[in-house]
Amino acid sequence: DAGVIQSPRHEVTEMGQEVTLRCKPISGHDYLFWYRQTMMRGLELLIYFNNNVPIDDSGMPEDRFSAKMPNASFSTLKIQPSEPRDSAVYFCASSAPGTGFRGTGELFFGEGSRLTVL
Amino acid sequence: GIQVEQSPPDLILQEGANSTLRCNFSDSVNNLQWFHQNPWGQLINLFYIPSGTKQNGRLSATTVATERYSLLYISSSQTTDSGVYFCAVADDTGRRALTFGSGTRLQVQP
């Protein structure tokens, strides 16, 4: 089976431009997560979805960031307008339901999208 | 939220040496995973281990949930083991997202 697929792998843009990152989760997984990795803050959760519904977006930095999941096989993370401090690697991950009460599933990551905002 | 501490932050080994990486967490968990981030930035699952012990080749992991720690053992290290090792946990409140530690950066020298 294909893993989590992200695009683009690399994006270089100028401050003020709109950036859209895309993710296709593993088929059958009903949880989707967006993480951001920077040297200063490490890996931090931005938002996650269950069955296409946003569950927790408390990690989204500000209104310039938005995420959608229109169907079970596709999600986008949009930054508008972009700023140099948004430069980071953005990871998408997915998991299937865990087993047992409150069990959580194993998380699988895509290869990431490296964003550079000049 | 739950806190995750990893130690040591950095580790340099000679090829063939063994090592133990530690992960401490502040609350009860129902998910704990170890990941390896290779030099190309890929995050690779090593173990899904909320409790107990697992082994996979030269790697093994043990989680003692009651004492809130997990250990990752690397035996007979190879240069390809270099990278950053992350521990990540989800607390026992039903929240599904993993919280990551700051990682252990491992460099294996030939």
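## Tour of a predicted two-chain model

At 33% relative accessibility, B:Arg68 counts as partly exposed, because that class lies between the buried limit of under 20% and the exposed limit of over 50%.

**Stop 1: the β7-β8 loop of chain B.** Keep B:Arg68 selected. The residue sits in the loop between β7 and β8 of chain B. Check its backbone: phi is positive, about 60°, although B:Arg68 is not a glycine. Most residues other than glycine have a negative phi.

Stop 2: Select residues 59-64 and 69-74 of chain B. These are β7 and β8, running antiparallel and joined by six bridges. Which residue of β8(B) is the bridge partner of B:Ser60? Pick B:Tyr73 and the pair is on screen.

**Stop 3: the sheet of chain B.**

**Stop 4: a cis bond in chain B.** Go to B:Ser7 and B:Pro8. The peptide bond between them is cis, with omega near -10°. B:Pro8 belongs to the loop between β1 and β2 (10-14) of chain B. Most peptide bonds are trans.

**Stop 5: the sheet of chain A.** Four strands make an open sheet here, ordered β1-β3-β8-β7, with antiparallel pairing. Its edge strands are β1 (5-7) and β7 (65-71) of chain A, each pairing on one side only. The twist averages 15° from one strand to the next.

**Stop 6: one pairing in that sheet.** Show β7(A) with β8(A). Five bridges link them in the antiparallel sense.

**Stop 7: past the end of β8(A).** Move to A:Gln80 and A:Pro81. A cis peptide bond joins them, with omega about -10°. A:Pro81 lies in the loop between β8 (74-79) and β9 (88-95) of chain A.

**Stop 8: A:Asn52.** Finish in the loop between β5 (42-50) and β6 (53-56) of chain A, where A:Asn52 has its place. Its phi is positive, about 75°, although A:Asn52 is not a glycine. Is A:Asn52 buried, partly exposed or exposed? Its relative accessibility is 28%, so A:Asn52 counts as partly exposed.

Methods
Residues numbered from 1 in each chain as written. Chains lettered and ligands numbered in written order. Predicted model: local features only at pLDDT ≥ 70, side-chain atom pairs only at ≥ 80, totals over all residues. Heavy atoms only, no water. Pairing = 2+ DSSP bridges. Helix = DSSP H or I, 4+ residues; strand = E, 2+ residues; numbered from the N terminus. Buried < 20%, exposed > 50% of the residue type's maximum accessible area, 1.4 Å probe, protein only. Axes fitted to C-alpha atoms, helices over the stretch in contact; angles between N-to-C directions.
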